[in-house]
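This note sets out a few points for a reader who is new to protein structures. Please keep the sequence and the model in view while working through them.

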Amino acid sequence: MGALVTAAITAGLALPASAAGTEEASGGRGRHGATQAALGSVVREGPPGGIALAELGRTAWAGRAGTADLATGRKPRTDDRFRIGSITKTFVATVMLQLEAEGELSLDDTVDDWLPGLVAGNGNDGSKITLLRLLNHTSGIYSYTDDETFKRKEFGTDFLQHRYETWTPRQIVRLAMSHRPVFAPGDGWSYSDTNYVLASMVIQKATGHTYAHEIEHRVLRPLHLDSTSVPGTSARLPGPSGRAYSKLTGELTGPGAPGSATYDVTELNPSFAGAAGEMISDSRDLNRFYRALFSGRLLHRPQLEKMMTTVPIEGVPDFSYGLGLMKMTLSCGTEVWGHNGGIQGSISETMATADGGHVLSVNFNGDWNVHEQRVVDAEFCGS
């Protein structure tokens, strides 16, 4: 979730036969050799396994490395499902922008216009925070995932006793409100998972349906994203899937000490992440979603342009943030758009060119020493 975005600042795998123009990884040869090599290098340094799916025009390539299940030795599969963490935010922002286009809300509305009195106390004031500032992380609202007690409970070994507990959006917001804002609204940029929990509450108030229902109705069904789901409180990871592993260091994506215990965290109640990062998908669905988004199938041009209007991040010249979208300029000068995501045992990233013509999704089934950006650089820069 939030920690992953802050940080951002070995064998072939065939696709299903229905995928036209598929190129299989073969010993790291071909134009994707650098991508395969990068995937393998990440696995050697940390997580048990990884998968990648790149699409360029009508040609697709998939790669894998390592192990999907440490108990059985099962290898990763192209169609494995995994928890996508903060990639969820792009789906949420898409729904918000659709609602704006339909006149159901305005991104200039304040949080108090929709959720009166909820963002208050300790210097927090929802009457001064617009919905736009939630989506581009300029609200100044504290990210509940930075709370030390929360991190100990969810990202440390206490997780093993609490993994099936349910969090409600109001509980999450109350935790965030126990902290002062990071800055006054509009006075800076700070990634906050709380922003998207609030956005989901606004969606429910505006539509009368949960944000999960709206994502399913507006995005998943029209695009036939059959491997993508919003699990709510369900702890099960649908198959096909590997297992998810964590060192439970108390920090998501923190380094794992050599020889330290590795925990199977596959089953968990993802309500603690909610609209900030609870969704499940696979590489094919993620690629299809971002290609549809950037091609204009999901948003009218004014909304897509608004989504891709970014806020510069002080001290990080090659990174900026739009509405549920990250924009990066890679080492070779190529500009890519998308999002990364982390949750216990799963680190993911989907990046694409602005026209959606070249897209890559990558996932690792461990959350320590993961350098997923290395794979992105290799795919789009060839090194």
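1. The model discussed here is predicted. The torsion about the S-S bond of Cys332 and Cys381 is about -70 degrees, so this disulfide is left-handed. Cys332 lies in the loop between β13 (326-329) and β14 (335-343), while Cys381 belongs to helix α13 (residues 373-381), so the pair ties together parts that are 49 residues apart in sequence. The S to S distance in this pair is 2.0 Å, and the count for the model comes to 1 disulfide. As background, a disulfide is a covalent bond between the sulfur atoms of two cysteines.

2. Val375 in helix α13. Helix α13, which holds Cys381, also contains Val375. Val375 has a relative accessible area of 0% and is therefore buried. Which residues does Val375 touch, once its neighbours within four places in sequence are left aside? The contacts of Val375 are Thr35, Ala38, Leu39, Val42, Leu360, Val362 and Phe364. A separate distance concerns Ser361: its C-alpha atom is separated from that of Val375 by 9.5 Å, and the two residues are 14 residues apart along the chain.

3. Helix α11. This helix covers residues 283-294, 12 residues in total. From first C-alpha to last, α11 reaches 17 Å, which is close to the 16 Å expected at 1.5 Å a residue. Is α11 mostly covered or mostly open? The helix is mostly covered, with 9 of its 12 residues buried. Just after α11, the chain reaches Gly296, which takes a positive phi of about 90 degrees.

4. Thr110, a buried loop residue. Thr110 is placed in the loop between α3 (88-101) and α4 (111-114). Its relative accessible area is 14%, and Thr110 is therefore buried, since the buried class means under 20%. With neighbours within four places in sequence left aside, Thr110 is in contact with Gly126, Ser127, Ile129, Thr130 and Leu131.

5. Gly254 sits in the loop between β8 (245-246) and β9 (263-264). At 9% relative accessibility, Gly254 counts as buried. Apart from neighbours within four places in sequence, the contacts of Gly254 are Thr249, Asp367, Trp368 and Asn369. Gly254 is also among the residues that line the second largest cavity, as are Thr249, Asp367 and Trp368. This cavity has a volume of about 50 Å³. Its lining comprises 4 nonpolar, 5 polar and 3 charged residues. Between Gly254 and Val316, the C-alpha to C-alpha distance is 21 Å, and the two residues are 62 residues apart in sequence.

6. The largest cavity. What volume does the largest cavity have? The value is about 190 Å³. The cavity is lined by 20 residues, of which Arg81, Phe82, Arg243, Asn363 and Asn365 are the closest to its centre. Strands β3 (49-56) and β5 (81-83) each supply at least two residues of this lining. By class, the lining of the largest cavity has 7 nonpolar, 9 polar and 4 charged residues.

7. The largest pocket. The largest pocket has a volume of about 350 Å³. Its lining is made up of 21 residues, and those closest to the centre are Pro169, Ser200, Gln204, Thr210 and Tyr211. Two or more lining residues come from each of α8 (169-177), α9 (193-207) and α10 (211-220). Which element gives the largest share of this lining? That element is α9, with 5 residues. By class, the pocket lining has 10 nonpolar, 9 polar and 2 charged residues.

Note on methods
Residues numbered from 1 in each chain as written. Predicted model: local features only at pLDDT ≥ 70, side-chain atom pairs only at ≥ 80, totals over all residues. Heavy atoms only, no water. Helix = DSSP H or I, 4+ residues; strand = E, 2+ residues; numbered from the N terminus. Expected span 1.5 Å × (residues − 1). Buried < 20%, exposed > 50% of the residue type's maximum accessible area, 1.4 Å probe, protein only. 1 Å grid on protein atoms, 1.4 Å probe; cavity = no way out; pocket = protein on both sides within 12 Å on 5 of 7 lines; lining within 4 Å. Points joined across faces, edges and corners; volume = space filled by probe spheres on them. Nonpolar A, V, L, I, M, F, W, Y, C, P; charged D, E, K, R; others polar. Disulfide = S-S within 2.5 Å. Contact = heavy atoms within 4.5 Å.
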